[in-house]
Amino acid sequence: DANEMYKNLEMICCVVADYNVFSTNKQTGLTTVDEVVEYAKAHPGELKMAVTGTTTVNFADANRLLRDLGIADCVTIVPHNGGADCMTALLGNHVQLCFESSVDSRATIDSGDTIPLMTIGTKRAQYLPDVACSAELGYSCQTAKPRGYYAPAGTDPEKILAQDTDYTLSYPDAAPKDYINVRADATITITGQGNYTDEISTTFA
């Protein structure tokens, strides 16, 4: 399981935290969490929600959120094979709700084809400053997903460089640690300092 997997790893650094977004499509006419709850209770079984996989953090948190909202028995969760499949189903109205990563949601939010109802976390995402987060709305589902670099447990400490001691990270296209602000082609630059002088850049493609 995931806990056993992490016991075998040591975190080198956290690059960003990924937020999930609870969203709907414009075909539903729903624009708020309260409207979704009211509609789901009045039409049990009609709404379907896309989520990635069945053994993922997204699947577990989607179930937690529906329980928090009091509509777990009213909405059908439909697992999909990845974020792209989730968004395709949402856009085609095969599902009316989606619980998916900010990276997969951003393009359709920007185009106006999907509507963000809530971000999942302890604070609002900078990219969606007008969208409330689950914590401020009083819901227990507040999981963020750290994206970073790991090494096998027991790795020689001298081989693991420390952020802001041996190197720095810069994000010319986004605020650090706020994954929802990062474009699909955004660049991160790693610059050595102290005993290290090289620099390398890569993208989130």
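Buried means under 20% relative accessible area, exposed means over 50%, and partly exposed lies in between. The structure is a predicted model.

**Exercise 1. Confidence**

Determine where in the chain confidence is lowest and where it is highest.

Solution. 
- Step 1. The mean pLDDT of the chain is 86, and 89% of its residues reach 70 or more.
- Step 2. Confidence is lowest in helix α1 (residues 2-7), with a mean of 64, and highest in helix α2 (residues 33-42), with 97.
- Step 3. Over residues 176-182 the pLDDT falls below 50, although this stretch has 35 contacts in the model beyond near neighbours in sequence.
- Step 4. Where pLDDT is low, the predicted coordinates should not be read in detail.

**Exercise 2. L91 and D113**

Trace the contacts of L91 and then follow D113 to its salt-bridge partner.

Solution. 
- Step 1. L91 lies in helix α4 and is partly exposed, with a relative accessible area of 37%.
- Step 2. Leaving aside neighbours within four places in sequence, L91 is in contact with Q27, T108, D113 and T114.
- Step 3. The C-alpha atoms of L91 and T24 are separated by 8.9 Å, while the two residues are 67 residues apart along the chain.
- Step 4. D113 is partly exposed, because its relative accessible area of 27% falls in the intermediate range.
- Step 5. The side chain of D113 meets that of K26 in a salt bridge of 3.3 Å, N to O.
- Step 6. This pair links distant parts of the chain: D113 belongs to the loop between α5 (102-111) and β6, K26 belongs to the loop between β2 and α2, and the two are 87 residues apart.

**Exercise 3. Salt bridges within helices**

State how many salt bridges the structure holds, and examine the pairs D61 and R64 and D110 and R106.

Solution. 
- Step 1. The structure holds 4 salt bridges. Side chains of opposite charge can pair when their charged atoms come close.
- Step 2. D61 is found in helix α3 (residues 57-69), and its side chain meets that of R64 in a salt bridge of 3.0 Å, N to O.
- Step 3. Because D61 and R64 are 3 residues apart in helix α3, about one helical turn separates them.
- Step 4. D61 is buried at 3% relative accessible area, whereas R64 is partly exposed at 26%.
- Step 5. The side chain of D61 also forms a polar contact of 3.0 Å with that of T143. Not counting residues up to four places away in sequence, D61 touches F99, C141 and T143.
- Step 6. D110 and R106 meet through their side chains in a salt bridge of 3.5 Å, N to O. Because they are 4 residues apart in helix α5, they too are separated by about one helical turn.

**Exercise 4. A hairpin**

Describe how β9 pairs with β10 and find which residue of their hairpin takes a positive phi.

Solution. 
- Step 1. Strand β9 (residues 187-192) runs antiparallel to strand β10 (residues 199-203), and 5 bridges join them.
- Step 2. I190 stands opposite I200 in β10.
- Step 3. The hairpin has 6 residues between the strands, and G194 takes a positive phi near 70°.

Notes
Residues are numbered from 1 along each chain as its sequence is written. This is a predicted model: local features need pLDDT of at least 70, side-chain atom pairs count only at pLDDT 80 or more; totals for chains, interfaces and linings use all residues. Side-chain values use heavy atoms; hydrogens and water are left out. A polar contact is a pair of N or O atoms within 3.5 Å; within protein, one must be able to donate a hydrogen and the other to accept it, and residues adjacent in sequence count only if both atoms are side-chain atoms. Contact means heavy atoms within 4.5 Å. Buried means under 20% relative accessible area, exposed over 50%, partly exposed in between (1.4 Å probe, protein chains only). pLDDT is the predictor's confidence in each residue, from 0 to 100. Two strands pair if DSSP finds at least two bridges between them.
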